[in-house]
Amino acid sequence: MALPEAEHIWFDGKLIAWKDATVHVLSHSLHYGNAVFEGVRAYQTPKGLAIFKLAEHTKRLFESAKACGIKIPFTQEEINKAHVELLKSNTYNDNVYIRPLVFLGYGKMGVSHIGCPVNVAIAAWQWGAYMGDEALEKGIKVKISSWMKPAPFSMMAKAKASANYFNSQMANFEAQEAGCDEALLLDPQGFIAEGSGECFFIVKDGVIITPPNDTSLESITQKTVIAIAKDLGYEVVRHRITRDEAYNADEAFFTGTAAEVTPISNIDSRIIGSGKRGEVATRLQQAYFDVVMGKNPKYEHFLTYAK
């Protein structure tokens, strides 16, 4: 599916036309993979377009950059304001996905990134359900990948670094080539870590279980869904999940900024629960959309309106 273009992209401190947001083929990050990014969503609320947990996403962007040895030439406040400025400059009729990206630009070649220029871009476009509207209701088919998450001594899982996503891309490719929608990756000890770009949850005997973030990103959406689940009276437990435990779950679902709350109906050809969206996922999904769309006053302070 072609990317739906908007009028402007914020690039190094100013708004430019979408078509003009280009970089040189010898940009350092293109060759060596050292870049960091975020996935942020803005929703059409009763009070207008609003970004969900903007400050949290920007904070994580800066923490990722620090871990990767990149100095962002803007403050967090400037980046937050740039998100709002960008949304105000474009026309949107639906919910929006936002991609802030910090990368090493043109001017130096070789493995070392010391002395490379740092570029910052923010793009935003209309984007609906990540895996399609049908997936939100009927669930998706998932395959446990032959690729595993790198150990903490191999890559920095807490950094939302572009290089980490080659691992995710290969896992997702393998799953799709096998006729599935998404992959699940195990950690080096053989426990389920996460999807290629989502956090993993199961439900067993009414208890919601999600793995610790030992080899996965500390997810903003995962944290939000855990809080919502507790609001709804569910017990939430953080512990490692084995493959067979997932097979025998009453329900399973993914969460993430892009994935939102997406049910899983099948793992490795095992039907999960009833084979469709379960009661817990249904309640969490509805409650999550109420939160991000400004219908739950308790969470409205996490919304930044583009006014």
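Helices (H or I, at least four residues) and strands (E, at least two) are DSSP runs, numbered from the N terminus. This is a predicted model, in which local features need pLDDT of at least 70, side-chain atom pairs count only at pLDDT 80 or more, and totals for chains, interfaces and linings use all residues. Residues are numbered from 1 along each chain as its sequence is written, and side-chain values use heavy atoms, with hydrogens and water left out.

**Overall build**

The protein chain has eight helices and 17 strands. Its radius of gyration is 19 Å, close to the 19 Å from the globule rule for 307 residues, so the chain is as compact as a globular protein of that length. That radius is taken over C-alpha atoms, and the globule rule is 2.2 Å times the number of residues to the power 0.38. Along the principal axes, the C-alpha atoms fill a box of roughly 55 × 45 × 30 Å.

Of the 307 residues, 52% are buried. Buried means under 20% relative accessible area, exposed over 50%, and partly exposed in between (1.4 Å probe, protein chains only). The accessible surface of the chain is about 14300 Å². Carbon and sulfur atoms account for 53% of that surface. Areas come from the Shrake-Rupley method with a 1.4 Å probe; for residues, only the protein chains shown count as cover.

Contact means heavy atoms within 4.5 Å. Among contacts between residues at least 6 apart in sequence, 72% join residues at least 24 apart.

The chain carries 32 positive and 35 negative charges, and their mean positions are 4 Å apart. Lys and Arg count as positive, Asp and Glu as negative; His and the chain ends are not counted. Each charge is placed at NZ of Lys, CZ of Arg, CG of Asp or CD of Glu.

Thr-210 sits in strand S12. Its relative accessibility is 0%, so Thr-210 counts as buried. The contacts of Thr-210, leaving out residues up to four places away in sequence, include Phe-200, Phe-201, Gln-222 and Ile-226. Val-237, Arg-238, His-239 and Ile-241 also touch Thr-210.

Thr-255 belongs to strand S14 (residues 251-256). Thr-255 is buried too, at 0% relative accessible area. Beyond residues up to four places away in sequence, Thr-255 touches partners including Glu-198, Cys-199, Phe-201 and Thr-221. Gln-222, Val-225, Glu-260 and Val-261 are also among the contacts of Thr-255.

**Positive phi in two loops**

Most residues other than glycine have a negative phi. Asp-205 has phi near 55 degrees, a positive value in a residue other than glycine. Asp-205 lies in the loop between strand S11 (199-204) and strand S12 (207-210). Asp-268 also has a positive phi, about 50 degrees, and is not a glycine. Asp-268 is in the loop between strand S15 (260-267) and strand S16 (270-271).

**Cysteines**

The structure holds zero disulfides, a disulfide being a pair of cysteine sulfur atoms within 2.5 Å. Cys-116 is in none; the nearest cysteine sulfur, that of Cys-68, is 14 Å away.

**Accessibility of selected residues**

| Residue | Relative accessible area | Class |
|---|---|---|
| Cys-116 | 10% | buried |
| Cys-180 | 14% | buried |
| Asp-205 | 66% | exposed |
| Asp-268 | 17% | buried |
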